[in-house]
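Have the viewer open and follow along.

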Amino acid sequence: MTEARPILWAPTPERAEATRMADFIRWLKAERGLSFADYNALWRWSVGDLPGFWSALVDYAGLDIQGHSAVLGRREMPGAEWFPGARCSLAAQVLAHAATDPDAPALIGLSETFGRRELSWRALAAEVAAKAGGLRALGVGQGDRVVAILPNTLDSMVAFLAVTSLGAIWSQAAPDMGPTAVLDRFRQIEPKVLIAQDSYRLSGKPIDRRAQIEGIAAGLPTLTARLMVPGLNGLAPGWSDWGALAGEPAAPVPVPFDHPLWIVYSSGTTGNPKPIVHGHGGILVECAKSALHMDLHPGDRYCWLTSSGWIMWNTQFFALMNGAAVVLFDVAPGYPDLMALWRAAADERLTHLGAGAAFYQSCLKAGIEPKTLDLSSLRHLGSTGSPLSPEGYDWIYSAVKSDLWLAPLSGGTDLCGAFVGGNPMLPVRAGEMQCRFLGNAVRAFDEAGNEVFDQVGELVCTEPLPAMPLYFWNDPGNRRYLDSYFDTYPGVWRHGDWIEITEDGGAVIYGRSDATINRHGLRLGSSEIYRVVEGLDEIADSLVIDCEYLGRDSFMPLFVVPAPGVALDKALMDLIRARIRAEVSPRFVPDVIEAVPEVPRTLSGKKLEVPVKKLFLGGDPARVVNRDSMANPDSFDWFIAWHGARGA
C-alpha cells in the first residue's frame with residue numbers, strides 16, 4: 001500500500017454537517033432506514049443497488065419525474081433503460097425556482113461586449129416563455145434541432161432553456177471555433193434554426209464574425225430561420241433579431257425521460273466529431289447529484305471559467321437547477337491581467353468558482369496572490385480539463401485561501417458529468433481527487449480486466465449511468481458508440497484515462513491512456529512528466545510524446561516553452577534531465593529537448609499529444625488534426641516543420 005498523500009484541508013464537523021451530502025445521508029436514514037459507516041460504504045450501496053440509489057436521489061431532490069413503472073428496466077451497457085415510461089422537463093425543473101424565489105438573481109452576465117447584466121428568476125422565466133413562443137411560431141417543435149454560435153452570455157442560457165422547453169434539441173459551438181469545425185458538427189444533425197452573435201470583444205479587441213457566420217449558414221441547407229444577436233454591429237440582412245423574438249408565452253412541455261436534450265461533440269482533434277446525444281432525464285438526475293458533490297444550495301453564486309463550446313458550459317445548468325445564481329464570465333481570462341477572474345469572484349461574492357487546471361497553473365507561474373482580495377464568500381474551488389498538479393494544490397492554499405474546499409474533478413463530454421471528484425465532508429489530499437461519485441461504478445482495471453488499487457490502471461465504469469449517451473446521432477448499429485467505449489472490455493465502459501484509485505477511495509488521473517509513455521516496458525502517464533518539468537520556474541509549458549516505431553528504437557522528445565526571458569541552453573536542459581531522472585525515473589529522460597513557441601491545445605485547453613504523436617509516426621499533417629477545433633491552430637506548423645527537418 002502506498003503512503004497516503006498529505007492532507008491540505010479538512011472541514012470542521014460543523015461545516016461537514018451543513019453540507020448537502022450530509023443532509024442526503026440524514027434523509028436516507030429517516031426515509032429509507034439506511035445507515036452507512038462512511039462515504040465508501042455509501043458509495044458501495046449506490047453502485048450495488050442502482051434502483052434504490054437513483055429513486056432515493058429523485059425523491060430527495062424533489063424531481064418532477066412522473067409515470068414510470070420502474071427505475072431501471074434493461075440494465076446492460078450500452079442500452080440501459082432508465083425510468084421507462086417517465087416524462088420530465090429539465091427546463092421546467094430549472095424554472096420552478098421562479099415560483100419560490102422570484103426576485104433573487106438567477107443569471108449574472110459579465111461580458112466584454114455587453115457589460116454586466118442580471119436576470120432574476122421571474123425575469124428569466126418570462127424571457128424563456130416569450131422566446132419559446134417565438135420559436136414555436138417559427139415552426140420549432142419536438143425533435144427539431146436548433147443550433148447556436150454564441151458566447152457564454154445570458155442569451156445562450158435563455159436560448160437553451162427556450163429551445164429545450166419545447167422538446168427541441170439544442171447544440172452549440174463557440175464563436176471562436178473555425179467554420180469548418182462548426183460545419184463538421186452541425187451538418188451531421190441537420191438543424192432547423194441557427195442562432196448566432198455577429199461579433200464580440202475579446203481582450204479588449206473587437207472580433208467581427210459576420211463573414212464566417214454567413215458562410216456557416218450557407219452551408220446548412222436545412223435551415224428555415226436565422227436569428228442574430230447583434231454584438232458590436234447592427235442586424236445583418238437576411239437575419240431576424242433574436243432580441244425581438246417573442247410569441248404567445250409557451251410553458252415547458254414534458255417529454256419522455258430518454259428524449260434528446262442536447263447534442264455535444266467529442267474534441268474532434270481528428271476525424272469527424274462524434275455527435276453525442278444526452279437525454280432530459282439523464283441530465284436532470286445528474287443535476288440533482290451535483291448538488292451533493294458540489295455542495296450547491298439555493299442562493300449560492302456559481303461561476304466556471306468556460307467557453308460555450310466546452311462541456312463545462314452545459315454543466316452550469318447543474319448549479320442553476322439547484323437554485324444557485326450562475327455568473328457567466330464572458331471575458332478573456334488574462335484580460336486585463338490574470339487577477340480579472342479573481343476580482344470578479346470578490347465583487348460578485350462567489351461561493352463556487354471553477355476553471356481548467358491550466359488557468360491555475362498560469363496563475364501560479366505569474367506569481368499572483370488572489371488572497372489579497374476579499375474572497376470571504378468563496379468556499380469551493382473546482383478544477384478540471386487536465387490533472388491539477390500537487391504544486392497547483394499548494395499554490396491555491398498558499399496564494400488563494402487557506403480555508404477553502406478544493407475539489408478537482410474528472411469526467412468528460414461523453415457523460416456530461418464526473419466520474420471522480422469532490423465530497424465536502426472529506427479531507428483534501430495533495431494531488432488527489434476525494435472520491436468516486438455516487439452511482440458511478442468507477443474502477444481501475446489492468447490489461448487483463450482485473451481491478452487494481454494503489455496502482456495506475458484504465459478508468460472503467462462497470463455499471464450504467466443515466467447520463468451516459470443515449471446514442472451518437474446518425475450512427476447506424478451504434479458502431480461508433482461501441483467502438484468509442486466498449487471495444488476493450490465487453491459490457492464495461494472504458495473512458496480512455498489512466499487512473500489510480502487508493503485503498504481509501506481517493507483518485508488520481510494520470511492523463512489519456514492513448515497518450516501513454518512506454519519506455520522499455522514501463523508505462524507512465526504524461527502528467528507525471530509535466531508535473532516535474534513545469535514545476536521549474538524556467539518552464540512555462542511542455543509537451544512530451546513517446547513514438548514507438550516498428551523495427552527501430554522508440555523516440556521520446558520533450559518540447560518546452562521557456563518562461564519569458566529564459567533561453568533553453570545546455571544548463572537548463574541538464575537541469576530538466578536531472579529533475580526527471582531524480583523525481584520520475586532514469587527511464588523517462590527524454591531523447592531530445594526542444595524549445596517551442598507554444599504547445600498546441602484544444603479549445604478546452606487539452607494538450608494535443610495524440611495528433612503530434614500521429615504526425616511523428618508518419619501521419620498526413622493535413623489529416624492528423626482538425627485545426628478549427630484548436631485554440632492555437634498555427635502552433636501545429638512548428639511541429640510539422642520540425643518533424644520534416646528531422647527527415648523522420
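Here is a tour that starts with the whole chain and ends with single residues.

First, some housekeeping: this is a predicted model, in which local features need pLDDT of at least 70 and side-chain atom pairs count only at pLDDT 80 or more, while totals for chains, interfaces and linings use all residues. Residues are numbered from 1 along each chain as its sequence is written, and side-chain values use heavy atoms, with hydrogens and water left out.

The chain has 21 helices and 33 strands; these are DSSP runs numbered from the N terminus, with helices (H or I) of at least four residues and strands (E) of at least two. The radius of gyration is 24 Å, close to the 26 Å that the globule rule gives for 648 residues, so the chain is as compact as a globular protein of that length. That radius is taken over C-alpha atoms, and the rule is 2.2 Å times the number of residues to the power 0.38. Along its principal axes, the C-alpha trace spans about 70 × 65 × 55 Å.

The largest nonpolar core has 118 residues, and Trp54, Ile65, Leu124, Leu161, Ile195 and Leu320 have the most contacts inside it. Such a core is a set of buried Ala, Val, Leu, Ile, Met, Phe, Trp, Tyr and Cys residues joined through side-chain atoms within 4.5 Å. Zoom in on Ile195: leaving aside neighbours within four places in sequence, its contacts include Val146, Ile149, Leu227 and Trp242.

Next, the loops. The peptide bond from Met77 to Pro78 is cis, with omega near -15°, and Pro78 sits in the loop between helix H4 (50-61) and strand E2 (87-88). Another cis bond runs from Tyr335 to Pro336, with omega near -5°; Pro336 lies between strand E16 (325-330) and helix H14 (340-347).

Which way does phi go at Glu190? It's positive, near 50°, in a residue other than glycine. Glu190 is in the loop between helix H9 (179-186) and strand E7 (193-197), and at 48% relative accessibility it counts as partly exposed. Asn478 also has a positive phi, near 60°. Look for Asn478 between strand E26 (471-472) and helix H17 (479-485), partly exposed at 27% relative accessible area.

Key. Buried < 20%, exposed > 50% of the residue type's maximum accessible area, 1.4 Å probe, protein only. Contact = heavy atoms within 4.5 Å.
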